[in-house]
Amino acid sequence: MDDRLTHQIKTRLESLVNDSTADVSGIADWALETMQGDDPLLEQEPVWRALDELSGADSMTGPGSFLYGPADFRAWLEEFTASCPDV
């Protein structure tokens with residue numbers, strides 16, 4: 001499953017893990033838009049799961065308080081790379 005979409009997902013996950021200034025809302029918006037597309041890889045469970053997680057990356061529990069953080073993003077990245085080792 002080595003394709004452009006999987007690389008884009010991995011790049012965005014790595015950005016959330018490694019860059020404290022990453023545009024979390026922009027990444028979440030990208031994931032939502034991508035999920036509405038027609039890429040055949042959307043039918044692959046690991047791809048859909050990663051996009052679903054990314055689409056909620058900017059979820060908040062209250063004003064200025066994010067539901068997910070670096071540890072969650074790291075776990076998502078590890079799960080994705082384990083499911084898609086060729087990426």
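These notebook entries record what I looked up in a predicted model.

**Entry 1. Conventions**

I number residues from 1 along each chain as its sequence is written, and side-chain values use heavy atoms, with hydrogens and water left out. As the model is predicted, local features need pLDDT of at least 70 and side-chain atom pairs count only at pLDDT 80 or more, while totals for chains, interfaces and linings use all residues.

**Entry 2. Helix H2**

The expected span is 1.5 Å times one less than the number of residues.

I then listed the buried residues of H2: Val24, Ile27, Ala28, Trp30, Ala31, Thr34 and Met35. Buried means under 20% relative accessible area, exposed over 50%, and partly exposed in between (1.4 Å probe, protein chains only). Seen down the axis, the buried residues of H2 fall within an arc of 160 degrees, so they line one face of the helix. The arc is taken over the directions from the helix axis to the C-beta atoms. An α-helix has 3.6 residues a turn, so residues three or four places apart point the same way. The cover over the buried residues of H2 includes helix H1 (4-18) and helix H3 (45-55), where contact means heavy atoms within 4.5 Å.

**Entry 3. Two residues of H2**

I looked up threonine 34, which lies in H2 and counts as buried at 16% relative accessibility. A polar atom of its side chain lies 2.8 Å from the backbone oxygen of tryptophan 30. A polar contact is a pair of N or O atoms within 3.5 Å; within protein, one must be able to donate a hydrogen and the other to accept it, and residues adjacent in sequence count only if both atoms are side-chain atoms. Leaving aside neighbours within four places in sequence, threonine 34 is in contact with Leu5, Leu42 and Leu51.

Valine 24 also belongs to H2. With residues up to four places away in sequence not counted, valine 24 touches Leu16, Ala57 and Asp58. Its C-alpha atom is separated by 8.7 Å from that of leucine 54, 30 residues apart along the chain.

**Entry 4. Helix H3**

In H3, I found Pro46, Val47, Ala50, Leu51, Glu53, Leu54 and Ser55 buried. What covers them includes H1, H2 and H4.

I checked leucine 54 of H3, which counts as buried at 0% relative accessibility. Not counting residues up to four places away in sequence, leucine 54 touches Ile9, Leu13, Leu16, Ile27, Ala28, Trp30, Ala31 and Trp76. Leucine 54 and phenylalanine 73 are 19 residues apart in sequence and 8.6 Å apart in space, C-alpha to C-alpha.

I also checked serine 55 in H3, which is buried, with a relative accessible area of 15%. A polar atom of the serine 55 side chain lies 2.7 Å from the backbone oxygen of aspartate 52. Beyond its neighbours within four places in sequence, serine 55 is in contact with Ala28, Ala31, Leu32 and Met35. From C-alpha to C-alpha, serine 55 and methionine 35 are 8.8 Å apart in space and 20 residues apart in sequence.

**Entry 5. Helix H4**

The 14 residues of H4 should span 20 Å at 1.5 Å a residue, and the end C-alpha atoms are 20 Å apart, which agrees. I found Phe73, Trp76, Leu77 and Phe80 buried in H4. They cover an arc of only 100 degrees around the axis, which puts them on the same side of H4. The face turned away from this buried side carries the exposed residues Ala71 and Ala82. H1 and H3 are among the elements that cover the buried residues of H4.

**Entry 6. The largest pocket**

I recorded a volume of about 160 Å³ for the largest pocket. Among its lining residues are Leu16, Val17, Val24, Ala57, Tyr68 and Phe73. The elements that give two or more residues to this lining are H1 and helix H4 (70-83). On a 1 Å grid over the protein atoms alone, a cavity is a set of points where a 1.4 Å probe fits but cannot get out, and a pocket is an open set with protein on both sides within 12 Å along at least five of seven lines; lining residues have an atom within 4 Å of a point. Grid points are joined across faces, edges and corners, and a volume is the space filled by probe spheres set on the points.

Conventions: Helices (H or I, at least four residues) and strands (E, at least two) are DSSP runs, numbered from the N terminus.
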